[in-house]
2 protein chains.
Amino acid sequence: MKIAIMGFGTVGSGACEEAKTAGGIEVKRILARHGREGYEYLNDIITADIDDITGDPEIELVIESMGGIEPAREYVLKCLRAGKHVVTPNKNLISACYKELMEEAEKNGVRLRFTSAVGGGIPWLFNLLRTKRADSITSVRGIVNGTCNYILDAMHDKGADFGDMLRNAQELGYAEADPSSDIEGTDTLRKTVISTNLAFDAAVTEEEVPCYGIDTIKACDIAYLKEKGLVCRLMMSAVKKGDAIEVSVEPAAFGKDSLEANVKTNNNLITLTAENIGTQSFYGQGAGMYPTGQSVIQDVLDIRDGKEMEIPAAASGLRADNSEAVRRYYIRHDRMCEHIEPLIDTFEERDGIYYCISKPIKVGDMHAMGHHRKEKGKDMFFAALAE
Amino acid sequence: MKIAIMGFGTVGSGACEEAKTAGGIEVKRILARHGREGYEYLNDIITADIDDITGDPEIELVIESMGGIEPAREYVLKCLRAGKHVVTPNKNLISACYKELMEEAEKNGVRLRFTSAVGGGIPWLFNLLRTKRADSITSVRGIVNGTCNYILDAMHDKGADFGDMLRNAQELGYAEADPSSDIEGTDTLRKTVISTNLAFDAAVTEEEVPCYGIDTIKACDIAYLKEKGLVCRLMMSAVKKGDAIEVSVEPAAFGKDSLEANVKTNNNLITLTAENIGTQSFYGQGAGMYPTGQSVIQDVLDIRDGKEMEIPAAASGLRADNSEAVRRYYIRHDRMCEHIEPLIDTFEERDGIYYCISKPIKVGDMHAMGHHRKEKGKDMFFAALAE
């Protein structure tokens, strides 16, 4: 099968390498402004003109690895309209434009697949669809951001500060120069939206999902939780309750004997629960040139060989709805005011800092309070107590 | 697709139920001596005559869920020769007759698949084949016997005796009346042979794999390991080293912060390592009517829709070879003799019992010593120290 790659960064070149390993896939064109060091032998197939790809009838499939929304969206639409299958690891694009792109693919009789958009090298979305073929999914949840997990795990192991461990993650190449989409939970949010929509044939949007990251965590939070036998992780969570999907992104505190608590460094662990089969988890490298590149190529092989799983239309009518979702939270703050006090079940005060366990609180209320205090520059961190 | 089921026990009826959930599969015949309580509506399609299945041109696929080797082997061969695909969860059969059955399927242009033979409801073998399509497997290992894990986990949690926890497992239906194939490691051995052969395109046999179970473990072993921060699990392990596959079944002691140590009750955790993608693990229910039944039906759907993964011929030439495999072991015994003493690095003696950590020992030597002492009725238990 002859393919093209749009975007020749880490994932694009990883996919190029993995295509060689897999065999039977020829990269005919690469859309990029310039070549890449170490890949000079590919200079002849590099083009800056999208029409060289969409206009080439030999190219059956295009890998989009440019990242971001525009011009990726425009180029993917062009490829689909030109009758080419598209494979992409681009979570921003799929989270934001899922419905539009799937409908365009459908209209043109081609496939759009994006297994690597959640879980990197872990075949999560593929297996979610495969399980769904013969069962009803009741929940999806997991650790899907390796950068945050690296930071939280390192803070737990070393008693270190957030800022120092973030800098470590940047030095190791796990975190970007601008790490905000990781640490504020946006990356996890996008993966949550994608997983939720596939799990429940839904059309949930990013705006409907409460999202609170780990950028306000401190060494004292980790130390307090550790003392109580708990370990903090940033979690995606989507649970079907009747016609509602209770869906959120937030830190959660797990017992130290749980699988989640023992996911080390930058690994991911993603779990589904289904009515008949019970709980299934998938663990591995959620990012990186070779894992993500291979996951991209697995989608390519699936499409080439007709082995991809069907994606049903987003027609279940299930909606994001947290109105009945209540949880008990760990909350750390520095001033016991009249807004917080009524929510607290138990607390300890140490050196002017309040470490609290809340009564059951609505998820929306907890997130609103957290964001309000963050905007005001006031100290607070919270984490759901995992059941 | 019209199918038949041979054998109508727990897994056969589970597959029957799951076929209904999946849809598009009609069970036309069931081979059984008599009907099953709760399934009286199926009495009309029950037959005791295999020819009613092999002679029916409408039946395209047969599920073999009789268990054991004969007459399952004979019937499966008949079905393959009659041009019918076969799906089976029967690990005894696949472990013992893999090459013969795969060659017969190939000769008749039909498919034989057995994802549920290892890991029950976990899509382990399917994903192993899928990863292998684009990568080179370097090791497979895991907890693949839920009964043993239930016993080990309960002993660890409660400080209880082996015999009491085995009886609990029997009462819960996790262990058979005759539990020997679970606790002596034979069930794990079969799953190891199947996983190893798929991972490495090999033709390893049960006889070539050193196998030591958990039937000699005592509460004092668990307590000693726990004191050292270790947790005991029964492991399958197959690692590629050059042209050799170092393959074994044995208890292993893991640090309490590992994923393996935190696999609770009767769950399974199975892990592959591949050259490019690194480590991937799969977790879930390794047995049970619905999980195993669903895994069987997933194979049926794959074959119906042409979505099954290819199984390459067992032609890699890689062989089981533990001659260079050395490990450090925890060894508990009651008499420090001239055979054991030279192998020991450090030990503690408590109440006449020796708790030892060995120097690096050849796997074959450790297993030979363990089996020798078991045959002589002498006390010993050992567990490899996981790296």
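**View 1. The contact between chain A and chain B in the predicted model.** Chain B contributes 33 residues, and chain A contributes 33 residues. On chain B, helix H1 (10–22), helix H5 (124–132), strand S11 (278–285) and helix H11 (289–305) each supply at least two residues of the side that touches chain A. S11(B) gives the most, with 8 residues. By class, this side of chain B holds 12 nonpolar, 15 polar and 6 charged residues.

**View 2. Strand pairing between the chains.** Strand S11 (residues 278–285) of chain A pairs with S11(B) in the antiparallel sense. The pairing runs over 5 bridges. A:Ser281 stands opposite B:Tyr283 in S11(B).

**View 3. Symmetry of the two copies.**

**View 4. The open sheet of chain B.** In chain B, 6 strands pair in parallel in the order S3-S2-S1-S4-S5-S6. Strand S3 (46–47) and strand S6 (112–113) of chain B stand at the edges; each has a single partner strand, so one side of each lacks a neighbour in the sheet. Strand S4 (residues 61–64) and strand S5 (residues 85–87) of chain B pair in the parallel sense over 3 bridges. B:Ile63 stands opposite B:Val87 in S5(B).

**View 5. Helices across the sheet of chain B.** Helix H3 (residues 72–81) of chain B lies across strand S1 (2–6), S4, S5 and S6 of chain B. H3 of chain B runs at about 170° to S4(B). H11(B) lies across S1, S4, S5 and S6 of chain B, at about 155° to S5(B).

Terms used: Residues are numbered from 1 along each chain as its sequence is written. Chains are lettered from A and ligands numbered from 1 in the order in which they are written. This is a predicted model: local features need pLDDT of at least 70, side-chain atom pairs count only at pLDDT 80 or more; totals for chains, interfaces and linings use all residues. Two residues are in contact if their C-beta atoms, placed from the backbone, lie within 7 Å. Helices (H or I, at least four residues) and strands (E, at least two) are DSSP runs, numbered from the N terminus. Ala, Val, Leu, Ile, Met, Phe, Trp, Tyr, Cys and Pro count as nonpolar, Asp, Glu, Lys and Arg as charged, and the others, Gly among them, as polar. Two strands pair if DSSP finds at least two bridges between them. Copies are superposed by least squares on the C-alpha atoms of residues with pLDDT of at least 70 in both. Axes are lines fitted to C-alpha atoms, for helices over the stretch in contact, and angles run from 0 to 180 degrees between N-to-C directions.
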